[in-house]
Amino acid sequence: MNYNINKGIGRTVEFKGLKAQYLFIFAGGLLGMLILVMILYMAGVNSYICLFLGAGGASLIVWQTFSLNRKYGEHGLMKIAGNKRHPRYIICRKPVHRYLKFTPKQNAV
């Protein structure tokens, strides 16, 4: 018997070159832009202004998402976010003799 093997197991999701979290940024940004244009149109803003804002915003989102994907790669944004959470240096404000003191433990009876 022949069985088909799924060779995509363990790989990250990819669509048109966008990988991992960039897909969510891309889709969320375009969805947000669509909702914004719809709200502006229902509020009575000129349709040409809505069209210009929608096309300009969508093209900006597409351009920025692909440039972030190209610049940082698959796990780059997570690495940057993790790097920002770590302190650059550790500040030690206690005097040195406080670290060198020996305090014996007291035995509880």
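**View 1. Overall fold of the predicted chain.** The chain holds four helices and two strands, where helices (H or I, at least four residues) and strands (E, at least two) are DSSP runs numbered from the N terminus. Followed along the sequence, these elements give the pattern β-β-α-α-α-α. The radius of gyration, taken over C-alpha atoms, is 27 Å, well over the 13 Å that the globule rule (2.2 Å times the number of residues to the power 0.38) gives for 109 residues, so the chain is more spread out than a compact globule. This is a predicted model, in which local features need pLDDT of at least 70 and side-chain atom pairs count only at pLDDT 80 or more, whereas totals for chains, interfaces and linings use all residues. Residues are numbered from 1 along each chain as its sequence is written, and side-chain values use heavy atoms, with hydrogens and water left out.

**View 2. The packing of helices H1 and H3.** H1 (residues 21-43) packs against H3 (residues 76-85) at an angle of about 95°, with the axes 9 Å apart; axes are lines fitted to C-alpha atoms over the stretch in contact, and angles run from 0 to 180 degrees between N-to-C directions. The two helices are therefore roughly perpendicular (65 to 115 degrees) to each other.

**View 3. The annotated spans.** The UniProt annotation "transmembrane region", from an unreviewed entry, covers residues 21-42 and 48-69, and such annotations may be inferred rather than shown by experiment. Residues 21-42 are 100% helix and 0% strand, with end C-alpha atoms 32 Å apart, while residues 48-69 are likewise 100% helix and 0% strand, with end C-alpha atoms 31 Å apart.

Conventions
Angles under 35 degrees count as roughly parallel, over 145 as roughly antiparallel, 65 to 115 as roughly perpendicular and the rest as oblique.
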